[in-house]
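User: Hi! Could you walk me through this structure, one question at a time?

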Protein chains: 2
Amino acid sequence: MQNTQVLLAARPVGFPKLSDFRVVQTELPELKEGEALVEVIYLSVDPYMRGRMSEGKSYAAPMQIGDVMVGGVVGRVLRSNDPSLSYGDYVEGFLGWQKYGIAPAKQLRKLDPAAGPLSAALSVMGMPGLTAYFGLLDICKPKRGETVVVSGAAGAVGSIVGQIARLKGCQVVGIAGTDAKVKWLTEELGFDSAFNYKTAPDIYAKLKDLCSKGIDCYFDNVGGTITDAVFGLLNPNARIAICGQISQYNNVKPELGPRNLSQILVKTATVRGFLVMQYLDQAREALIEMGGWLREGKLKYRETFVDGLANAPQAFLGILQGDNTGKMLVRVAPER
Amino acid sequence: MQNTQVLLAARPVGFPKLSDFRVVQTELPELKEGEALVEVIYLSVDPYMRGRMSEGKSYAAPMQIGDVMVGGVVGRVLRSNDPSLSYGDYVEGFLGWQKYGIAPAKQLRKLDPAAGPLSAALSVMGMPGLTAYFGLLDICKPKRGETVVVSGAAGAVGSIVGQIARLKGCQVVGIAGTDAKVKWLTEELGFDSAFNYKTAPDIYAKLKDLCSKGIDCYFDNVGGTITDAVFGLLNPNARIAICGQISQYNNVKPELGPRNLSQILVKTATVRGFLVMQYLDQAREALIEMGGWLREGKLKYRETFVDGLANAPQAFLGILQGDNTGKMLVRVAPER
C-alpha cells in the first residue's frame, strides 16, 4: 500500500523555506503484532517543530535529514493487530506528516466522536490545551485579582491561557500580532485587554498603561523584545512560565538582549521552562475540567484549517509568521 | 555624645569612588522608650549595598544622599531603655556604618559570646550563612550525586554554599577569581574542584571538563559571562538560585548578553531570585543546624578584617573587586 510522506529535506538556515521539505511516495511496511494502521485526518503543525529541524541539542533528539516530519495527528483506524482498537475507531497519536501512519496501539489515544469535534483533540482538548492548563496553573499559579500577561495570545496555547486566567479571577492582558486577533481576544474570548505589538509605538509603555498594578504572572510564547518589556514590569514574587520563544527560533546567530537575571533577583521572581510531557500523568483530570468549561461555554477556541498534506509545509511556515488564529491544522483526509 | 558616621555623599557612576562617601561627626539623639544604644564592634560590608546606593527601583528603597550607609553590625549595649537588654550585652542588628547606633531593642538579636566568635553573627552564623543555606537547600534542592556549581565561590556566601552541597553528597565545582582562593576551596573547604575564571582561557570549556555529567544546580553570585557559560551546560530540570549579580552592579548602562530563556525552556530549568529576608521565620532552625556543623568541624569559614570605621569605604570597594576571602568585616572598636 502506497503512502505519502513529508520529509525533512534540509536543515533550515533562518526562516524555513518550502525547499527544506520534500513530499515522497513510499511503500507502507507490514503491520506488526500490537500495531494499528491509521489514516490521518488532521495533522497538527506547531512551532516546536522548528526546533526539531535544527541540529542543536534540545529536550528531544533532532530529526535527521530524510526523516518524516514529526507531529500529532487525529486519524481513523484502518487495520489493527491489537484487541484494543478496531476498524473505524478514531484515535490521536504522534504519527507525523504522512497520509498513513503505523504505531503500537498503546501509543494511540482512542477518541469518542460523540464527545465533540475530532479536531479538538489536537487543540483545546489536546496538547495545546494541556500546555495552557499546566503552564498557567502549575507554574504561574495565578491568584484572584492578579495581573496575567500572555504573549502569543491568539495562538492555540495563548488563547486558552488567557481564558483560564479569567476563570481564575485574574486581570488578563494579551499580546498579539494583528488587530483582528486583538479584537477576537477582547470581544470574543473575554480578555480584559490586548494590543497589537507590531503597531504599538512602545511595547513597554503600552504594557505599563494596561498593567497599572504591575505583572504577577507571565506566560511566554514568544521571547525577544516583547518579553524584555514584560520583565521591566514584574511585581515582587512574579511567576513566569516559558512555553515558547518563537521570536528566536529562526535566528541564524543567537540574539543578544538585556540581561534579565538582575530583574529576576530584585523581584524575587521565578522563571521556569516546561514541557507538556511532564504532566502526562495528570492529563486525564485536566481534560475532564477543560471539557466541563467547554460545555458550559466558558472556554472558546478557534481552528484554522489548511487542506491537503502537500500544503503542510506552507501551513507550518504560516504559524511561524503568525498567520493562524487559534490552532493551525492540516486537513489530510475528510472525516467521512 | 558625639557619633562618627559614614554617609552616602554621591550616587556612584560605575565603580564607586572614595569620594562617594563622607565621614561626619554628629550628635547622638536621645534614647527613647524601648530603644538601646549600641557601640559598634564589627560592621559587615556586602555587595548588596551597591544596589542601595543607586536610584533604581529594587526590593528596598534606595538610600538618599546624606543617609548613613546601611549595614549589619555586631556591637555592645551601652545603655538600654528596654528590659530585654542590659549594659554589656552583645547584639547583632542593622545599624549601619557608624560608631554608635540606636535601635528599638526588639530589632536587635542578643548574642551569646560563649557560643562562638562574635563576628560569626555577621558571617557563617548570620546573613551570609543563612543566604547560603536557604538559597541552596530551598531553591537548588540538591540531590545526592548531583553536580552543583557556585560562582563567587570564595565569598562569604559561596564558600558556605559549596560546603553544604558537599554535606548533601553533591559534586561541587567552585568558580573564583584568584589562585589562592581556588586553593582554599579545594584544599581546605573540600570542594571537588574549582578554577580561576580570570586565567581560564575558556570558561565554558573548563566547566565542561569539570562537570562531565552536566550541571544540575547553580548558585549564582556573579552573573555575566560566567553565568552564560553555566547556562550552556545545564541538565534537564536544573535549578538555579540567583543570589547576586556582582559583575553587573557597576555597569553604567545595562549590559547585553545571550538571551537565556530558550535554554531555560529546552532544559525545563527553574531560575529563581531570592532574598534571605524571605526565610526569616525559619532562621532559628537553620542556625541550629549550621551551629552543629560548625562544632563538628564540617563547616569552615574565613573572615577578612579591616580596621577602623574610616576604612569602611575602602573595605567595601575591596569586596566589589574580590579582595576578600570569605567574609569582609570592618573592626570599628575592640571586643574588650
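Analyst: Gladly! Two residues are in contact if their C-beta atoms, placed from the backbone, lie within 7 Å. Please keep in mind that this is a predicted model.

User: With that in mind, which elements of chain B do the buried residues of H9(B) pack against?

Analyst: Helix H9 of chain B covers residues 312-320, and its buried residues are B:Ala312, B:Pro313, B:Ala315, B:Phe316 and B:Ile319. Their packing partners in chain B are helix H1 (48-53) and the strands E1 (2-8), E2 (21-27), E3 (35-44), E15 (303-307) and E16 (327-331).

User: Within what arc do the buried residues of H9(B) fall, seen down its axis?

Analyst: The residues to look at are B:Ala312, B:Pro313, B:Ala315, B:Phe316 and B:Ile319, which are buried. They line one face of the helix, because looking down the axis of H9(B) they fall within an arc of 160°.

User: Which residue with a positive phi follows H9(B)?

Analyst: Helix H9 spans residues 312-320 of chain B. The residue that follows with a positive phi, near 80°, is B:Gly322.

User: How far apart do the C-alpha centres of domain 1 and domain 2 of chain A lie?

Analyst: Domain 1 of chain A takes in 2-122 + 301-331, and domain 2 takes in 127-277. Their contact uses 15 residues from domain 1 and 16 residues from domain 2. The C-alpha centres of these two domains of chain A are separated by 28 Å.

How values were computed:
Residues numbered from 1 in each chain as written. Chains lettered and ligands numbered in written order. Predicted model: local features only at pLDDT ≥ 70, side-chain atom pairs only at ≥ 80, totals over all residues. Domains from an automatic or database assignment. Buried ≥ 20, exposed ≤ 12 C-beta atoms within 10 Å, placed from the backbone. Helix = DSSP H or I, 4+ residues; strand = E, 2+ residues; numbered from the N terminus. Arc of directions from axis to C-beta.
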